Amino acid sequence: MKRSRWLLAGPALALALLAGACGDDQNPALDNGGGGATTTEAKKAAPKFDAGTTMDTLQKKGSIVVGVKFDQPGFGQNNPTTGKVEGFDVEIAKLIAAGIFGGDADDAESKIQFKESVSKNREPFIQNGEVDLVIATYTINDTRKQVVDFAGPYFVAEQDIMVKKDDNTIKSVNDLNGKKVCTAKGSTSEKNLRAKAANADVTLFDTYSQCAEALTDGRVVAVTTDNTILAGLVQASNGAFKLVKAPFSDEPYGIGLKKGDDAFRDFLNDRLEEIFDNGEWAEAFEETLGKIGLDTPEPPKIDRYTSAGGATGTTGAGGSATTTSTTAKP
Amino acid sequence: MRTTVVLTLTSFAAAMVVGTVVAAFRVSPVPPLRAAGAVWVQMLRNTPLTVLLLLFVFGFTKIGLQYSFEVSSVIVFGAYTSAFVAETVRSGINAVARGQAEAARAVGLTFPQILGIVVLPQAFRTVVAPLGNIFIALTKNTSIAAIISVLELTEVADRLNNATARPIPVFLGAAVAYLVLTLPSGFAFGWLERKVAIRR
C-alpha cells in the first residue's frame with residue numbers, strides 16, 4: 001500500500017518539477033518579449049540572512065520542501081492535466097519562497113518541492129524534518145501548538161450554510177432549528193452545529209459530497225461546514241446551490257513549522273504582513289479561492305504568540321525582513 | 001435499540017415472503033420464472049449490502065424512487081436477505097421426498113397447490129435452523145444502516161462515542177446490546193426447530 005503510493009507520487013512529483021521548470025523557461029521570454037525594458041517592477045534580489053538561521057540554510061541549499069494538500073479544491077489540488085498542485089496554499093508557499101530566494105512568486109516556484117500532506121501526517125512531517133513548512137488548511141489550535149509552531153494565520157475559514165438556489169427561508173444558523181441539516185460525521189462542523197442550532201434535525205454522512213447529493217434529492221434542506229469546502233460544492237453544482245453567507249465559527253489557517261524556531265516564525269509572520277500590505281495576498285486569493293466564488297476578505301491579523309518551548313531572544317528575523325523589501329535588478 | 005428491532009423484524013418478514021416466492025420461482029416448471037428467480041438470487045447474494053444500500057439511497061432516488069432512510073433500509077435489507085431465504089427454502093423443497101410431489105400430482109393438484117399444501121410445509125420444517133442463521137445475520141447487518149444516518153444501535157453508539165470520546169464502554173455496550181437481541185432469537189429458533197421436528 002505504502003509502496004504503491006510512493007510509486008505514484010514519484011512520477012507525479014517529477015512531472016510537477018518538470019512543469020515548474022518549463023514554466024520558468026517561458027516566463028523570462030514572455031517578459032522580454034512583452035515589455036522590452038522592464039519598467040513596471042524591478043525584480044527582487046535574494047535577501048541576506050544571518051548565518052545559521054533557517055532562512056539562510058534554505059537559501060544556500062536553494063530549495064524548500066512544503067507540505068500541501070493535494071485534494072482540497074481552492075487550497076491545494078493536484079491538477080491531473082498539468083501535474084501541478086494548484087490553490088491558495090500553493091500560492092502562499094510561492095510568495096513565502098520568493099521572500100527567501102528573491103524574485104517573484106513565479107520565479108520561486110522552481111525552488112519549491114511540494115509534498116502531499118494529509119491532515120494526519122502534518123505534525124510528524126514537521127517534527128521529522130520531512131518538510132520545512134506545512135501550508136495545508138492547517139487550523140491553528142492549542143493542542144497542535146504543543147508540538148509545532150504556527151506563523152499566521154494567513155486565512156480564516158468560517159463555518160457557513162449551503163442551501164438550494166431558490167431557498168430564501170434560511171438566513172442564519174438559527175433558522176436551522178427544526179430543519180433537516182447535513183454535515184460530516186464526527187467533524188468540528190457537527191459540534192458547532194449542535195452548539196449553535198440545538199434543535200436541528202441532523203443527518204450525518206461520511207463525506208460532504210454525499211451531503212450535497214442529499215441536498216439535491218431534497219432529503220435535507222441545508223449542508224453546513226467550512227465556507228471553503230462549501231464554495232467548492234457550490235461551484236460543482238452548476239448553480240443549483242448557493243452559500244447563505246452567514247458564518248458562525250472561525251477556523252484560522254496557519255503555516256506550520258518546527259517548534260521553537262522563533263527566528264523563522266518571525267520571518268514568516270513579517271513576510272505574511274508584507275504580502276498582506278502589498279496586495280500579493282489578495283491577488284493570490286482572487287486567482288484561487290476567488291474563482292470558486294469566495295469574496296476576498298480583509299487579511300487576518302497575525303498572531304505573534306509566545307511559543308511555550310521556543311528559544312527567546314533571537315533577533316535575526318527583524319533585520320532580514322528589511323533586506324527582503326530592498327529591490328534591485330538581478 | 002428499538003429501531004434495530006423494528007428494522008430486523010420488518011426486513012425479515014419482507015424477506016420471508018419475497019424469499020419464499022422466489023424459491024417457488026426457482027423450482028417452478030416455467031423456464032422464464034426459473035431464470036428470473038436465479039437472477040434475483042445471484043444479483044443480490046453476490047453484491048455487498050453496503051453497495052446495494054448506497055445504490056438504492058443515492059442512485060435510485062435519481063430515477064424517482066425516493067423513500068425515507070428507514071423505509072429504504074427495510075427495502076434493501078429485505079431484498080438482500082430474501083436471496084438467502086430463497087436459497088434456503090429451495091434446499092428445503094429439494095429435501096422433501098420426490099414421491100410427495102409425484103403423489104400430489106397424481107391426485108390432480110396444480111403446481112401452486114402442490115407447493116403450497118404439500119411441499120412447502122414440509123420444506124420449512126427442515127430449514128428452521130438455517131433460517132435462524134439468516135435472522136441473526138440480518139440483525140447484525142442492520143448496523144449498515146448507520147451509513148445513511150438511520151439512528152439504529154450502531155449509529156447511536158457512534159454518535160455517543162463522538163460526544164463522549166469513550167470508545168471502550170460505548171462500543172462494548174453496543175456489542176452487548178446486539179448479543180441481547182441475537183442470543184434469545186437463536187434460542188427461539190432452536191425451540192421452534194425442536195417443536196416442528198419430524199419424530200423418527
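This is a predicted model: local features need pLDDT of at least 70, side-chain atom pairs count only at pLDDT 80 or more; totals for chains, interfaces and linings use all residues.
## Ground rules

Residues are numbered from 1 along each chain as its sequence is written, chains are lettered from A and ligands numbered from 1 in the order in which they are written, and side-chain values use heavy atoms, with hydrogens and water left out.

Setting aside neighbours within four places in sequence, Val57(B) has contacts (heavy atoms within 4.5 Å) with Asp217(A), Arg219(A), Phe69(B), Ser72(B) and Ile148(B). Ile148(B) is 91 residues away along the chain, yet the two C-alpha atoms are separated by 8.0 Å.

## A salt bridge between chains

Asp217(A), one of those contacts of Val57(B), also forms a salt bridge with Lys62(B), with the closest N and O atoms 2.6 Å apart. A salt bridge here is a side-chain nitrogen of Lys or Arg within 4 Å of a carboxyl oxygen of Asp or Glu. Asp217(A) lies in the loop between helix H8 (208-216) and strand S10 (222-226) of chain A, and Lys62(B) in the loop between helix H3 (49-59) and helix H4 (69-95) of chain B, so the pair joins two chains. Asp217(A) is buried at 13%, whereas Lys62(B) is partly exposed at 47%.

## Salt bridges around Lys145(A)

Over all chains, a search of the whole structure finds 24 salt bridges. Lys145(A) takes part in one with Asp142(A), at 3.9 Å between the closest N and O atoms. The two are three residues apart in helix H6 (residues 142-145) of chain A, which means a separation of about one helical turn. Asp142(A) is exposed at 55% relative accessibility, while Lys145(A) is buried at 17%.

Lys145(A) also forms a salt bridge with Asp303(A), where the closest N and O atoms are 3.8 Å apart. Because Asp303(A) lies in the loop between helix H11 (280-287) and helix H12 (316-325) of chain A and Lys145(A) in helix H6, this pair ties together parts 158 residues apart in sequence. Asp303(A) is partly exposed, at 32%. Elsewhere, Lys84(A), Glu91(A), Lys94(A) and Glu109(A) are linked in a network of salt bridges.

Where in chain B is Glu152(B)? This residue lies in the loop between helix H7 (128-141) and helix H8 (153-164), and it is buried at 0% relative accessibility. Its side chain makes a polar contact with the side chain of Tyr178(B) at 3.3 Å. A polar contact is a pair of N or O atoms within 3.5 Å; within protein, one must be able to donate a hydrogen and the other to accept it, and residues adjacent in sequence count only if both atoms are side-chain atoms. Not counting residues up to four places away in sequence, Glu152(B) touches several residues, including Thr3(B), Leu7(B) and Ser143(B).

How values were computed:
Helices (H or I, at least four residues) and strands (E, at least two) are DSSP runs, numbered from the N terminus. Buried means under 20% relative accessible area, exposed over 50%, partly exposed in between (1.4 Å probe, protein chains only).
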